[in-house]
Amino acid sequence: QVQLVEVGGGLVQAGDSLRLSCTASGRTFNNYPMGWLRRAPGKEREFVASITWIGDTVYGADSMKGRFAISRDNAKNTAYLQMNNLKPEDTAVYYCAAEPLGTPTAWRFWGQGTQVTVSS
């Protein structure tokens, strides 16, 4: 079992930056690909980014490429999502996840989520 705890959300203005952190405990963190997903009000869950234990990354929609960056520090059991030039449409609950199950939005382990609100 893996427990995931996200921190770093908040209320920011358009153009600001935020860094989300996800700390894992339980089973060996290094073995798991980690991911970030989000759910905006009234919308389906959306894949944001993922990273393998050796640092290979995949990003979701083009609207996030170049603004968002996923990283991880295996020594700290922590994954990060750096979000720059935030836009109101980035407003969502952001979830950390571990161990993908074959589709971009299906993961075995989930954090509780952290709210990101971007005002215009």
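The model is predicted, so to speak a computed one throughout: local features need pLDDT of at least 70, side-chain atom pairs count only at pLDDT 80 or more, and totals for chains, interfaces and linings use all residues. Residues are numbered from 1 along each chain as its sequence is written, and side-chain values use heavy atoms, with hydrogens and water left out.

The structure has 1 disulfide, a term used here for a pair of cysteine sulfur atoms within 2.5 Å. The partners are C22 and C96, with their sulfur atoms 2.0 Å apart. C22 sits in strand β3 (residues 18-26) and C96 in strand β9 (residues 92-100), so the link ties together parts that are 74 residues apart in sequence. Strands here are DSSP runs (E, at least two residues), numbered from the N terminus. The C22 and C96 link is left-handed, with -75° about the S-S bond. Both cysteines are buried, where buried means under 20% relative accessible area with a 1.4 Å probe, protein chains only.

Strand β4 (residues 34-39) is mostly covered, with 5 of its 6 residues buried. On pairing, which calls for at least two DSSP bridges between two strands, β4 runs antiparallel to strand β5 (residues 45-51) over 6 bridges. R38 faces E46 in β5. The hairpin of β4 and β5 has 5 residues between the strands, and there G42 takes a positive phi near 75°. β4 is also joined to β9 by 6 bridges, again antiparallel, and G35 stands opposite A97 in β9.

β9 in turn is joined to β11 by 3 bridges in the antiparallel sense, with V93 and Q115 as bridge partners. β11 also pairs with strand β2 (residues 10-13), this time parallel and over 4 bridges; Q13 is set opposite S119 there.

F68 belongs to strand β7 (residues 68-73) and counts as buried at 4% relative accessibility. Beyond its neighbours within four places in sequence, F68 is in contact (heavy atoms within 4.5 Å) with several residues, among them R38, V48, L81, M83 and Y94. F68 and M83 are 15 residues apart in sequence, yet 4.5 Å apart C-alpha to C-alpha.

Finally, the largest pocket holds about 150 Å³ of space. On a 1 Å grid over the protein atoms alone, a pocket is an open set of points where a 1.4 Å probe fits, with protein on both sides within 12 Å along at least five of seven lines; lining residues have an atom within 4 Å of a point. Points are joined across faces, edges and corners, and the volume is the space filled by probe spheres set on them. Of the 13 lining residues, F47, S50, P100, P104 and W107 are the closest to the centre of the pocket. β5 gives the most to this lining, with 3 residues.

Key. Buried < 20%, exposed > 50% of the residue type's maximum accessible area, 1.4 Å probe, protein only.
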